[in-house]
Amino acid sequence: MQDIDKVYPLAGENVHALKNVSLTMEEGEYLSVLGPSGSGKSTLMNIIGCLDIPTSGEYMLRGREVEDMDEQELAELRNREIGFIFQNSQLLPRLTARRNVELPLIYSGVKPKERRERAEKMLERVGLKDRMDHLPTQLSGGQQQRVAIARALVGNPSILLADEPTGALDQKTGAQIMQLFQELNEEKRTVIMITHDLKIASNARRVVHIIDGEITEGGLHDA
Amino acid sequence: MLNGARKRLIMVRESIVMALDNIRSNRVRSFLTLLGIMIGVMAVITLITTVSGVSGTLSSSFSSMGVGTLTVSVTGSDLKSGVTPEDLEVISNLDSVDGVVPSVSLNGRVSYGNNVQSGIAVSGRNSYYFILNQDMIVQGRPLNYIDDNNSSYVCVISQEIVDKFFLGKNPIGETLYISGLPFTIVGRYQEDSGGGVASIFSGSPAVLIPYTTAMQVNNSNDINSFTVYLKEGMDSSAAQEEIESTMDVLFDYEEDCFTVSSMESIEDTMNTMTTMLSSLLAGIASIALLVGGIGIMNMMLTTVTERTGEIGLKKALGAIPGQIQIQFLLESFLLSMIGGLLGVAFGLLLSFTLCQVLGTSFVLNIGAIVLGVGFSAAVGIVFGWAPARKASRLNPIDALRAV
């Protein structure tokens, strides 16, 4: 299986958001990146998520060089390989849960019928079978985040990239989401979670700390 | 694995759904924006359709009245200030000419008893005029060649004169004073409902008298205007040349003594004028379209700014710049098209109403509709381009952060 290697010293003008960061991930890993705000963890997430490319250094994602790609190639790569989960779920307010989940499939050109089936299956997987035709505003915070997870999963990406996935949730709902991540990881999906919360981070099998753009390995064992 | 064309098709269809959704969710703003386009297209359609309706009616009345006639107006020279009855005789004996109707106007006071009216149009005609228009006399008799030859003091009157002087009375046999001279009323005529060509230019006369009598009253031997009726099947331009050369002889080849005009040439001039008028009006109306287009651009720019987060998210989920651009371009295109189609509908309604009010025929002008719809489509694309491009170029990281 292909591994994910990345090495990047990044110089954004004068600010070194990331300094000589090297990180290797295996497929099926559950990693969390822990760091306070301003530590460079968002920058790291953008690069892992192929939203941005490093100023220098190399990023290999499943055997593909990312740093030389143009915007279109990056978009296709994101579509296929990365499932994003954002802090405030980022659902389109005018679309139903199912239409929101279908969105990545629209961009990969999946036919409407297949798209619908896959979206429904994914919503079922996250336990929202009876909420498919609800608008985001008709759903609770936890349910919204589940829709976002379904959306991240529907394209069958190799990496699930979550940025403060429980940041906007209360503890109990947060724990449920964490439970869901645990299950997804057990299904051999790679999960990367970016957070500033040690408790959340400790759900992962492996934790790296990022402070001032530099990474230190803090390998926790099973949570 | 992925068929590019099919993928694009799916994408376009989704974009249409999303665009309509966005237009719907901003109902008031969308409506106000497309109102600009709507008004512009409506103005274009209404103006073009109405003007072409009016000119159609005009030219059909021209051709019904004017076929086979030539109008001669005479300004005369120092030596010869008009044509004489003898000159008319020469012209009416030309091969192509069937007959000639002189028109000698008097603008006199008309009175009956104590009732005096001024400003009534009195015109001298000949018997040939009444032969041509056999149906016009509704009571009494027409003027005949004996009246012409004797310069009789007789007249035929229109409904206008009946209304002014003889309400509830039989006018036949009564004496009407024109410029102080007594005329016996011998007949009453009904004006042609179409108005006739003469009435378009000079207003229809209310009293007709023998032209010879009119010249006596005017105390001159000049005729300054007459209409030549050609024999059936005669080519009017050939006849026109023949008449012109005859007139040249009569006026001893002096310049600028007369003009001969055919109805065809007048109609041509008229058509040129209405075409010019309608393109001018359409030009003015398209300024409204331009303003509407700027409105669309303004709205789209606002929309792009408002939906920065959405754009960022879609990009994160794998939308390529082209897809974002298509989505926004389609939105402005559809917005503009909806405005355009509404404009066509309202424009047709309005011009139909106007044509009814003006009494002209309503002709569906396909050209105007195509122009209106085409213009609004073009406006949508042209003015949607810059905002859509702006949206497609947003950096996904910045765009996501904007939420």
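Here is the tour, stop by stop.

This is a predicted model, in which local features need pLDDT of at least 70, side-chain atom pairs count only at pLDDT 80 or more, and totals for chains, interfaces and linings use all residues. Residues are numbered from 1 along each chain as its sequence is written, while chains are lettered from A and ligands numbered from 1 in the order in which they are written.

**Stop 1: chain B.** Color it by secondary structure and you'll find 14 helices and 13 strands (DSSP runs, H or I of at least four residues for helices and E of at least two for strands, numbered from the N terminus). Of its 403 residues, 40% count as buried (20 or more other C-beta atoms within 10 Å of their own, C-beta atoms being placed from the backbone).

**Stop 2: the side touching chain A.** Here 21 residues of chain B are in contact with 20 residues of chain A (C-beta atoms, placed from the backbone, within 7 Å). Which helix of chain B gives the most to this side? Select α1(B): it supplies seven residues.

**Stop 3: a helix pair.** Pick α12 (residues 321–358) and α13 (residues 366–393) of chain B, whose axes come within 7 Å and cross at roughly 155° (lines fitted to C-alpha atoms over the stretch in contact, with angles from 0 to 180 degrees between N-to-C directions). The two are therefore roughly antiparallel (the angle is over 145 degrees).

Technical notes:
Angles under 35 degrees count as roughly parallel, over 145 as roughly antiparallel, 65 to 115 as roughly perpendicular and the rest as oblique. Two residues are in contact if their C-beta atoms, placed from the backbone, lie within 7 Å. A residue is buried if 20 or more other C-beta atoms lie within 10 Å of its own, exposed if 12 or fewer, and partly exposed in between; C-beta atoms are placed from the backbone.
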